[in-house]
Every structure is written in C-alpha cells, then in structure tokens.
Amino acid sequence: MHIDQLNVNRQKHNSEGGFLDGFREHFASFAEQSDNSQFDQAYIEQVDKEYAEIIDKCKHDSKEARGQECVKWNGEQSDAFNIKQGVRQGGTLSTDLYKVHVNDLLNEICNTCFGGHIGTINSSAPTCADDLTITSKSQLEAQKLVNIANDFIKIESYILQSTKSVVLPI
C-alpha cells in the first residue's frame, strides 16, 4: 500500500517531510500533559487503591471459576461452562481494568525502542479495544516484540488467543 497524500485539519501533506509534519500535528494532542491541578487527588488515590485491590482479587480468583455462562447460537443453547478469566464485556470497569493490565506491556514494548515509528513517535504497539498490533520494519524486531508480549502473558497468567493472531507483511 502506498499513501500519496495525508489530510490533517484540512491541510494536505504530500512529501515525506510533509507526512511527518501531518502526523505530528495529528498526534500532538495525545502527547500533551493534561492540567490535573483541578482534579480531586484524594479521589484519584482512592480509585487507584480500589483498582489495585480489584486487580489483586482478579489475579487470585483467576485460578477458580467465577461463574457460569452458556452460548446461544441459532436458537440453541450450549451447556453451561465455568468462566475462569477476564471481565464481563461492557462491564463498568472493563475498559479501565484493561488499560491497567495492558499498560505495563505497552510500556515495556515501547521502552525497547524496537518496532515501528512515525518520525520520533514510537508506534510499535498500537491498540484498539482489546486488540494489540505489533509493527516493525524487520522480522527480527517483530519477533523480539512478540517474545516480550509472550513473556508478559506468561507472567500475568493471560491466555493468548493464538487462533486470532496473524502476521501481515506489507
């Protein structure tokens, strides 16, 4: 795939240097530190403490079943099965718990300096919902990042859905 032009805020960026300027302009707001002087620090500390307690409980409980579910498909219902990992999709804390769990992995990947970059911006592990993408210019770097992710999921007792994992060479 080849991109000839990048449009950002109604400005067209055509050349290699122009692309980088466009990406910088587009992603600059993500890198800005927010003014948290108006935040309720006591509340934030309490929420952080509660998240830590919830995560510890989840790690402890992940070895035991936390309930039963079944699947309904084409009007038929499966037998009940035990739920041993994860949080209920759409649950109140699902997004925040995901961020807390995956952030350490993303930091670890980004700190290696391997993988894809847009100018000086590390883009080696973009995420969307609960999907993680590893980008790299070389197979060796990609393998190093996959190894980091694999080591991380073993330490954290995650289950990787390898049937949903693919390599897309471009």
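pLDDT is the predictor's confidence in each residue, on a scale from 0 to 100.

**Figure 1. Overview of the predicted model and its confidence.** The protein has a mean pLDDT of 77, and 78% of the residues reach at least 70. Confidence is lowest in helix α1 (residues 16-31), with a mean of 68, and highest in α4, with 90. Where pLDDT is low, the predicted coordinates should not be read in detail. In this predicted model, local features need pLDDT of at least 70 and side-chain atom pairs count only at pLDDT 80 or more, while totals for chains, interfaces and linings use all residues. Residues are numbered from 1 along each chain as its sequence is written, and side-chain values use heavy atoms, leaving out hydrogens and water.

Figure 2. The protein contains four helices and 10 strands; helices (H or I, at least four residues) and strands (E, at least two) are DSSP runs numbered from the N terminus. Of the 170 residues, 15% are buried, where buried means under 20% relative accessible area, exposed over 50% and partly exposed in between (1.4 Å probe, protein chains only).

**Figure 3. Packing of helix α3 on helix α4.** Helix α3 (residues 94-111) packs against helix α4 (residues 139-155) at an angle of about 150 degrees, and their axes are 10 Å apart. Axes are lines fitted to C-alpha atoms, for helices over the stretch in contact, and angles run from 0 to 180 degrees between N-to-C directions. The helices α3 and α4 are therefore roughly antiparallel to each other (an angle over 145 degrees).

**Figure 4. Residues at the contact of α3 with α4.** On the α3 side are His 101, Asp 104, Leu 105, Glu 108 and Ile 109, which meet Leu 145, Ile 148, Ala 149 and Phe 152 of α4; contact means heavy atoms within 4.5 Å. By class, the residues of this contact are six nonpolar, one polar and two charged. Ala, Val, Leu, Ile, Met, Phe, Trp, Tyr, Cys and Pro count as nonpolar, Asp, Glu, Lys and Arg as charged, and the others, Gly among them, as polar.

**Figure 5. Asn 74, a residue with positive phi.** Asn 74 is not a glycine, yet its phi is near 50 degrees. Asn 74 sits in the loop between β4 (72-73) and β5 (76-77). With 70% relative accessibility, Asn 74 counts as exposed.

**Figure 6. Cys 113, a residue with positive phi.** Phi of Cys 113 is about 70 degrees, and Cys 113 belongs to the loop between α3 and β7 (117-118). Its relative accessibility of 57% makes Cys 113 exposed.

How values were computed. Parallel < 35°, antiparallel > 145°, perpendicular 65-115°, else oblique.
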